[in-house]
Amino acid sequence: MADQLSRVFAALADPTRRDMVARLTDGDATVGELAEPYAVSVQAVSKHLKVLEEAGLVTRSREAQRRPVHLEAEVFDLMTKWIERYRQRAEERYQRLDALLAELDEEHTDTPMKGTAS
Amino acid sequence: MSTTSTDTRYDQAAIEADPAIPAIHIWRDFAGTPDQLFRAHTDPDLYARWIGPADRTAVIDRWDATDGGAFRFLDSRDEDQQAFRGCFHTVRPDRIVQTFTWEGMPDDVALETLTFEDLGDGHTRLHALSLCDSFESRDAWLRSGMEIGVNDGYAQIDRMLADGSL
């Protein structure tokens, strides 16, 4: 799971791939359709798709002849979850800092008492 | 209200994992002056009071908050002790630049730039930029939050088992 997250971040580090992913949130698309807005070859787009595929961000149907590219939403959720956890920890830390700042206001001296807890 | 430098308020921490460079941005507004925020980041006694999770104890081991100085602190609960350290590169009332590393992964060193922006109405905006040397390293930092959170969860289960609530 950890390795997958790293691959997801790495895959999304490229602006063209981010764009392709954004496009796929509207629905499945073929390689040709994905290549249209860019001044790059279908081959180059295929290369980008391979990176997205290896990160687990997209899959391609083997059956259908058009082989449409499909966005895997759960992988996005995984990434979002990890970042949200990190954010929550930062927020908890800053709420403690809020409390400290409120105390500093009350003390308005330069001799804060040292905490002796534990 | 319209006199502030921006309409956006970060009453809660906002985070962005930068897609283009291996960095994490955090923004947070505080009811306090830039000077107070600066003191909370540079006075070791004050820093120890807010940096660690509530159920852990932070003890400052080394602290020299000056240009070229360094810090090290121990974050512990019961038997578990984690050490963090770094160097202060720039220590200025509106800006602190420092390195930050967890000794458990000593090669993952983040370069942190903290800025304190006076919003003009008794509030100050903190922007913390943590720049890592690779996406892998950045993602390890992001994951560390998850791992500690998971450990907290297990510890909570331990407590519930101990006091009979499970």
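Q: What follows helix H4 of chain A, and what is its phi?

A: Phi is one of the backbone angles to look at where a helix ends. In this predicted model, H4(A) is followed by A:Gly56, and the phi of this glycine is positive, near 80 degrees.

Q: How many residues does H4(A) have, and how far does it reach?

A: A helix can be checked by setting its reach beside the expected value. H4(A) covers residues 42-54, which makes 13 residues. From the first C-alpha to the last, H4(A) reaches 18 Å, close to the 18 Å expected at 1.5 Å a residue.

Q: Which residues of H4(A) are buried, and which are exposed?

A: Look down the helix axis and ask where each side chain points. The buried residues of H4(A) are A:Val45, A:His48 and A:Leu52. Their directions fall within an arc of 60 degrees, so these buried residues line one face of the helix. On the other side of H4(A) you will find A:Gln43 and A:Lys50, which are exposed.

Q: What is A:Leu100 in contact with, leaving aside its neighbours within four places in sequence?

A: Setting sequence neighbours aside shows what the fold brings together. For A:Leu100, the partners are B:Ala40, B:Leu46, B:Arg49 and B:Trp50.

Q: How many residues of chain B are in contact with chain A?

A: On chain B, 29 residues are in contact with 29 residues of chain A. Strands S1 (14-17) and S2 (23-31) and helices H1 (34-42), H2 (44-50) and H3 (135-162) of chain B each supply at least two residues of this side. H3(B) gives the most, with eight residues. By class, the side of chain B that touches chain A has 17 nonpolar, six polar and six charged residues.

Q: How do strands S3 and S4 of chain B run, and how many bridges join them?

A: For a strand pair, look at direction, bridges and the turn. S3(B), residues 57-63, and S4(B) run antiparallel and are joined by six bridges. Within the pair, B:Trp63 stands opposite B:Phe71 in S4(B). The two strands form a hairpin with six residues between them, and B:Gly68 in the turn has a positive phi of about 85 degrees.

Q: Where is B:Asp78, and is this residue buried or exposed?

A: A positive phi is worth a look in residues other than glycine too. B:Asp78 has one, near 50 degrees, and lies in the loop between strand S4 (70-77) and strand S5 (80-92) of chain B. With 9 C-beta neighbours inside 10 Å, B:Asp78 counts as exposed. In chain A, the phi of A:Arg67 is positive as well, near 45 degrees. A:Arg67 sits in the loop between strand S1 (58-60) and strand S2 (69-71) of chain A. A:Arg67 is partly exposed, with 13 other C-beta atoms within 10 Å.

Q: How far apart are B:Glu117 and B:His127 in space?

A: Compare separation along the chain with distance in space. The two are 10 residues apart in sequence and 8.1 Å apart, C-alpha to C-alpha. B:Glu117 is found in strand S7 of chain B, residues 110-118. Leaving aside neighbours within four places in sequence, B:Glu117 is in contact with B:Thr124, B:Arg125 and B:His127.

How values were computed. Residues are numbered from 1 along each chain as its sequence is written. Chains are lettered from A and ligands numbered from 1 in the order in which they are written. This is a predicted model: local features need pLDDT of at least 70, side-chain atom pairs count only at pLDDT 80 or more; totals for chains, interfaces and linings use all residues. Two residues are in contact if their C-beta atoms, placed from the backbone, lie within 7 Å. Helices (H or I, at least four residues) and strands (E, at least two) are DSSP runs, numbered from the N terminus. Ala, Val, Leu, Ile, Met, Phe, Trp, Tyr, Cys and Pro count as nonpolar, Asp, Glu, Lys and Arg as charged, and the others, Gly among them, as polar. A residue is buried if 20 or more other C-beta atoms lie within 10 Å of its own, exposed if 12 or fewer, and partly exposed in between; C-beta atoms are placed from the backbone. The expected span of a helix is 1.5 Å times one less than its number of residues. The arc is that of the directions from the helix axis to the C-beta atoms. Two strands pair if DSSP finds at least two bridges between them.
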